[in-house]
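Please walk me through the charged pairs of this protein chain, and then turn to its nonpolar surface.

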Amino acid sequence: DLDRLHDRKPARRACLAGGALVLLAAGLCAIPALQMPLALARAAFPWMNLRRPSNTRIEVATGAARVVEGESVTVRATVEAREVDEAFLESRQAGGAWQVLRMDRAPGAGSDAETAESPDRVAWKRAAFEMKIGPLHERVEYRVRSGDGETAAYPIEVLPRPQVARLQMTVRYPAYSGLAPQEFEKVSGDLAVLKGSRIELK
């Protein structure tokens, strides 16, 4: 008899234990304050760019950005927590280490404002922060940290500054001069022409 030769009790115990773990995980995921779905996702997919589960809510208004080489970006973030003391901006270039800077309170933000969007957030405080990054000459990524909260990393792409590759200029002199139109491929410095001349750029 195959049932007698093969003991199914260990397999049944394993199935019961697995089912209990699944039910426990589902129950924990149903508790919003624990943020279990996010924690499990970070554990299962460590290479993904996910924010850290925390009791501090950080909203980054700037997000991902694109700038022309040599320009700066002002990162603006709003922090909501029981106590909002400070916020930090962490940035790095490709393959580099994170550089930490303390963010400034946004002008006009004043004292911390209280918010009560839900019963579990009664008397929580909200504050706005900002920090300028730049001038930038290559791609960077940044994130904002405050209290036990940390956002995902946002990229700032740096685009080459536009350059004039070719400029053709035609000077059409006034009729009284009797001069024929004159074309220029390159002009260095100032260009002096007769009064009443028209200049066409191509």
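Predicted model: local features only at pLDDT ≥ 70, side-chain atom pairs only at ≥ 80, totals over all residues.

Side chains of opposite charge can pair when their charged atoms come close. The side chain of Glu-90 makes a polar contact of 2.5 Å with that of Arg-143 and another, of 2.6 Å, with the side chain of Arg-145. Glu-90 counts as buried because its relative accessible area is 5%, under the 20% limit; leaving aside neighbours within four places in sequence, its contacts include Trp-98, Val-100 and Tyr-142.

Strand 4 also holds Arg-92, whose salt bridge with Glu-141 ties together parts that are 49 residues apart in sequence, since Glu-141 lies in strand 9 (residues 140-146). Arg-92 is partly exposed at 29% relative accessibility, whereas Glu-141 is buried at 18%.

A further salt bridge joins the side chains of Glu-83 and Lys-125 at 3.7 Å, N to O. Glu-83 lies in the loop between strand 3 (73-81) and strand 4, and Lys-125 in strand 8 (residues 124-133), so this pair ties together parts 42 residues apart in sequence. Glu-83 is exposed, with a relative accessible area of 54%, while Lys-125 is partly exposed at 24%.

On the surface, Val-164, Leu-167, Leu-191, Val-193, Ile-199 and Leu-201 form a nonpolar patch with about 520 Å² of accessible area together. Of these residues, Ile-199 is placed in strand 14 (residues 198-201) and is partly exposed, with a relative accessible area of 43%.

Note on methods: Residues numbered from 1 in each chain as written. Heavy atoms only, no water. Patch = residues over 30% accessible without salt bridge, like charges linked within 9 Å, V, L, I, M, F, W, Y side chains within 5 Å. Areas by Shrake-Rupley, 256 points an atom, 1.4 Å probe, with all protein chains shown as cover. Salt bridge = Lys/Arg side-chain N within 4 Å of Asp/Glu carboxyl O. Helix = DSSP H or I, 4+ residues; strand = E, 2+ residues; numbered from the N terminus. Buried < 20%, exposed > 50% of the residue type's maximum accessible area, 1.4 Å probe, protein only. Polar contact = N/O pair within 3.5 Å; in protein donor to acceptor, adjacent residues only side chain to side chain. Contact = heavy atoms within 4.5 Å.
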